[in-house]
Amino acid sequence: MTSYIKIKNHINGQWLDETNGQYEPLKNPSTGAVIGEVPLSSVETSRAAVAAAADAFPAWSATPLPKRMDYIFKMQQAMKDNLEMLAESIAVDQAKHIAEARGEVGRVIEILQMACTIPALIQGETVQGIANNINGRLIKAPLGVFCGVAPFNFPALVFGWFIPFAIGTGNTFVYKPSTESPLFMQKMMQLLVDIGLPDGVVNIVHGDREAVEAWYDDDNVAGVCLVGSTPTAKAIAEGCGRHGKKTMLLGGAKNFAAVMEDAPMDLMIENILMSGYGSAGQRCLAISNIAVVPEIYDEFIERLLEASRTVKVGDAMDPDAFMGPVISAKAKARVENYIEIGQKEGATLLLDGRNPDVADANKDGYFVGPTIFTDVTPCMQIAREEIFGPVLSIMKVGCINGALRAIKNHEMGNGAVIFTQNSFYTEKFINEADVGMVGVNVGICAPHPYLPFGGIKGSLVGNNKVQGKDAVDFFTQNKVATVRVVDPKAGQQAPAAAGDSNVRSCVAS
Ligand code: NAD
């Protein structure tokens with residue numbers, strides 16, 4: 001992993017240098033060192049990838065379903081066999097701590113298991129005898145070429161959310177990873193080549209928004225999916241909407257935890273540490289705001305502070321570290337700026353994560369340590385905006401209704417969790433928390449791959465969510481056939497008898 005990494009596009013089975021566009025440096029956020037370069041692909045390159053996917057579509061969509069599923073099984077086995085190599089690729093350029101990177105790859109392996117149920121989920125419906133000799137049949141058909149755009153923080157997971165479901169249902173794909181974490185897909189694409197996936201079924205184009213905007217008016221593109229910030233989701237919704245393309249767009253987040261008086265303290269502290277500081281807070285399901293009832297407020301703050309002080313910040317490959325750096329110098333500056341904003345708007349900075357102690361080799365890395373604000377109110381900027389760093393904002397609420405009100409009034413609606421042993425609070429929270437994903441006594445309320453994943457309100461643009469049956473529905477279209485069966489020996493069927501209204505309405509409409 002020490003040699004210079006030249007990230008390449010992969011189009012129609014070929015690894016290609018970007019000849020028309022530019023390159024930008026690829027950095028290791030744990031050290032700040034330049035470790036390679038990433039192409040900023042041109043519009044022409046992006047369109048060439050779509051053309052390759054379109055050329056591959058007829059043969060791929062006609063490939064028998066069991067054969068397509070064979071590739072998904074092989075993909076899963078290849079990931080199991082190469083788990084460590086794939087996890088390291090995430091730990092190097094995204095600087096997700098190696099233990100969490102292994103967890104991310106493990107989750108994709110589970111998603112692939114779910115994708116192997118496509119043969120059951122893609123089954124259509126038949127209604128026999130909607131008129132004499134006429135049957136109705138619904139087919140779930142592939143659409144053509146889908147394109148996908150990934151955020152920096154989950155390079156493997158987002159691959160798993162999009163590609164197995166898109167190609168398993170018979171579509172072909174063009175994928176644009178984030179320029180900040182392209183290495184996983186370079187490694188994964190080679191595994192797809194190694195398992196013999198036909199050329200053009202999956203294509204990779206690296207770059208930024210230009211590569212994505214090239215898809216909006218491309219007639220070969222059936223739809224675009226994104227996981228990213230809400231402004232990016234809205235930009236893609238507009239671009240695709242103008243040209244009538246399908247979209248699946250997961251946006252940003254700002255997640256709440258509600259801490260009730262009977263919260264299981266040890267379990268809760270462990271989960272809040274993992275959720276708030278894991279991935280250096282750069283997770284769409286990271287806990288960010290914590291609403292605490294008065295009965296437990298002081299004890300909670302004391303325990304959280306004590307535990308947060310033990311969190312070791314360090315190189316993403318250091319097995320003893322708990323959390324790595326944030327993704328870039330720009331992200332570090334943004335998080336530090338929010339810490340200043342919090343102080344200016346009157347919150348109490350209980351633990352300041354700026355300039356944490358790290359090893360000499362990591363002095364130029366982009367580290368921010370655990371940070372805790374207390375005396376936060378829901379209308380403060382640090383409580384409203386997505387900081388995307390290891391910063392916890394704690395607010396006191398009178399009771400569960402105060403926590404639910406703060407969640408309802410927030411424009412984002414990705415996830416929210418409650419810590420309690422009381423079944424009334426549990427059920428009330430599940431029913432009333434105005435978010436897409438609810439957790440009870442868990443830090444990260446990520447649904448299992450058998451179920452859909454996605455928020456509501458500002459965290460989701462449109463309606464489509466990833467994973468589960470929703471993914472199969474998104475990547476297919478419902479096509480309905482009306483079939484009149486004619487007996488070849490009897491010749492052409494006689495016209496409908498007078499009064500046979502079913503036949504007449506069926507033929508007329
Ligand atoms: P981002 O929106 O800056 O970029 C995401 C991707 O979109 C990148 O590949 C980028 O190149 C591309 N892009 C950026 N601007 C674009 C534009 N105008 N048009 C087309 N493409 C564009 O997000 P990020 O900083 O990479 O990732 C962090 C964000 O992603 C956070 O807001 C986080 O909450 C969100 N996220 C959400 C989920 C979820 O499940 N809802 C999961 C992971 C991350």
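Analyst: Buried area is the accessible area, taken with a 1.4 Å probe, that two parts lose on being put together, summed over both. The size of an interface is often given in this way, as the accessible area lost when the parts come together. Here about 2800 Å² is buried between domain 1 and domain 2, and carbon and sulfur atoms give 57% of that area. The model is a predicted one, in which local features need pLDDT of at least 70 and side-chain atom pairs count only at pLDDT 80 or more, while totals for chains, interfaces and linings use all residues. Residues are numbered from 1 along each chain as its sequence is written, and side-chain values use heavy atoms, with hydrogens and water left out.

User: Where do the two domains run, and how many residues does each bring to the contact?

Analyst: Domain bounds come from an automatic or database domain assignment, which here gives domain 1 as 5–251 + 459–478 and domain 2 as 255–454. Counting contact as heavy atoms within 4.5 Å, domain 1 brings 32 residues and domain 2 brings 37 residues.

User: Which polar interactions cross the interface of domain 1 and domain 2?

Analyst: A salt bridge is a side-chain nitrogen of Lys or Arg within 4 Å of a carboxyl oxygen of Asp or Glu, and the rule finds 1 across this interface. Glu-100 and Arg-283 form a salt bridge, with their closest N and O atoms 3.1 Å apart. A polar contact is a pair of N or O atoms within 3.5 Å; within protein, one must be able to donate a hydrogen and the other to accept it, and residues adjacent in sequence count only if both atoms are side-chain atoms. By that rule, 18 residue pairs, both at pLDDT 80 or more, are in polar contact across the interface of domain 1 and domain 2.

User: Which residues come nearest to the ligand?

Analyst: A residue is near a molecule if one of its heavy atoms lies within 4 Å of it; of the 26 residues around the ligand, Ala-150, Ser-229, Thr-232, Gly-251 and Glu-386 come nearest. An oxygen atom of the ligand lies 2.8 Å from a polar side-chain atom of Lys-176, whereas Phe-152 places a polar backbone atom 3.1 Å from a ligand oxygen.

User: How many salt bridges does the whole structure hold?

Analyst: A search of the whole structure finds 17.
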